[in-house]
Amino acid sequence: MLPHQAVPYVPPPWCTNRLLNPPQHGRLLLANLPTPMYQLTGRTSFFQTLGTMNVNFYIKRDDSTGGVELGGNKIRKLEFLLADALAQGCDSVVTIGGEQSNHCRATAAATRMVGLEPHLILRTRQPDDDLGLVGNLLMDRMVGSSIYTCTPGEYGRVGSNELVRRLCAHLDSKGRKAYGIPVGGSNGLGSWGYINGVNELLHQLEQAKAPESSSNISLEHIAFACGSGGTAAGVAIGIALAYATKAVQDKAPMVHAIGVCDDPDYFYNYVAGIATEMGLVTEHGEPAEAFVRQHMVVHQGKGLGYAVSTPEELAFVSSFAQETGIVLDPVYSGKALYNFMKHVEQNKSTFQGSSILFWHTGGALGLYDKIIDLLPSLVRAFPCRRLDLYGKGTGVDLSEPET
Ligand SMILES: *Cc1c(COP(=O)(O)O)cnc(C)c1O
C-alpha cells in the first residue's frame, strides 16, 4: 500500500442518514491509528482535585498520530483532504496559519508523503522574511515548504480563505494546479477525520466493555482544545449521532470544546456552518446551530490571547509532564486542560463521580517558542549536575578508590 493510494471510506452506519455529504474520494492512511486511550492517576494537585471528586480521568493520545512532523489532530483531517486533492489531479497544496502553526507543519509533511508540493502562508509580526527555525518552522523547512508571509493586519483585512484563494490562483497562473486547504483543515470534508475519530473511540469503549476486559468505561465528559473548529465539529456531531442510534446503549457524554482563540458564540456558529457543509439532517428539522448548542458546550479558554501563555498555564504544563510523562502544548492542549480544570473545580456537582476523557490534540513543538519562559523554573527544579569522576570534591562524586 502506498501513502498516496486512497482506500474507500465507508461512513459509520450511525451517520449514513444524518450526514448527507460523505467524502467522495476515500481516505489516505497517513496516521497511526487507533491512538492509545487509557486512564491516568497521580499525586499532584491536579489529580488530588479529581480524586476528591471521585473522577476517573482518561486521555486519548492524538499527539501520537504520527512522528514529530505529522503528529497531532490535523493528520486525521488531512487523510480526507489530501485524498480529495489527489483525486482532483492537483500537484500543489496551499494552506495558512500562524507562524507556529501545527496545521501548516502537518500539512507540509503529509503533502510531501503523497508526492504533492507544500505552500504555506504564515501570519507573523516578524518584520523581515527570516522566520528562523524554531519548533514547527524547522519541520516546515525540513520538508521543503515554500513559505509566504503576511502580517496579522493583512490576514485580518483580506481574510484567510481569500489569501489561500489568491495564492492558489497565482500558482495556477504559473501552470501549477493548487489545492487550497482552509485554516486548520476545518471544513466539511476535513472534519470527517473526527467522525472517524469518534468511531475509533467507540470501538475502544466497546473493547473495554468486553467480558475479558476488566475496565468498563462509561464516559460522561469529553474535553479538548478548539482552535479552528474542525475537531469540535467532528467530535460533537459524531458523539451526538452515534449515541442517538440504538448502536450505543449509554447516555451520550457531554462534549466540551475549550476555545483558545475566539469566543464561544463564534465557535457555535462556525461549527454549525461545518455541520451544514457535511449535510447534517437534524432530528426535528431544527437549525444546525441549535443542534450544535444542544450537543456541545464551548468554554472560554483563550486566557491572555491566542498563543500567549500565563506563568500558571506553563507551570501546569510542566507539572503535568513531570507527573505523567505526557507533554501537552502551551497554545492548545495545555491551555485547554488548564482552563477546563478551572471549570470542573467551579462546578464540582456536575463532575462528581464522573469519567472525563481529555482528547490530547498534540502540538508539543509549540513549546520551543516558550523556552525563555520555561527555562528559569525548569533549571531551578531540575538542575544539571556535574559528575565528579576524579574525586576533586565538586559535583556528584563518582570517583573510584585507587587500587
Ligand atoms: C489545531 C490544533 C487544535 C485545534 O483543533 P481545531 O480542529 O483547529 O479546532 C488543538 N490542538 C492542537 C495541538 C492543534 O494543533
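This is a short tour of one structure, stop by stop. The model is predicted.

**Stop 1: the sheet.** Select strands S3, S4, S5 and S6. They form an open sheet of four strands, in the order S5-S4-S3-S6, with parallel pairing. Now look at the two edges. Strand S5 (146–150) stands at one edge and strand S6 (178–180) at the other. Each has a single partner strand, so one side of each is left without a neighbour in the sheet. Turn the view to follow the twist. From one strand to the next, the twist averages 25 degrees.

**Stop 2: the S4 and S5 pair.** Keep S4 and S5 on screen. The two run parallel, and five bridges join them. Pick out His119. Which residue in S5 does His119 stand opposite? Ser146 is the one to select.

Stop 3: Follow the chain onward from strand S4 (117–123) towards helix H4 (136–142). Val134 lies in the loop between them.

**Stop 4: the cysteines.** How many disulfides does a search of the whole structure find? The count is zero. Select Cys104 to see one case. Cys104 counts as buried because its relative accessibility is 0%. Move to Cys261. Cys261 is in no disulfide either, and the nearest cysteine sulfur, on Cys226, is 6.9 Å away.

Technical notes
Residues numbered from 1 in each chain as written. Predicted model: local features only at pLDDT ≥ 70, side-chain atom pairs only at ≥ 80, totals over all residues. Heavy atoms only, no water. Disulfide = S-S within 2.5 Å. Buried < 20%, exposed > 50% of the residue type's maximum accessible area, 1.4 Å probe, protein only. Pairing = 2+ DSSP bridges. Axes fitted to C-alpha atoms, helices over the stretch in contact; angles between N-to-C directions.
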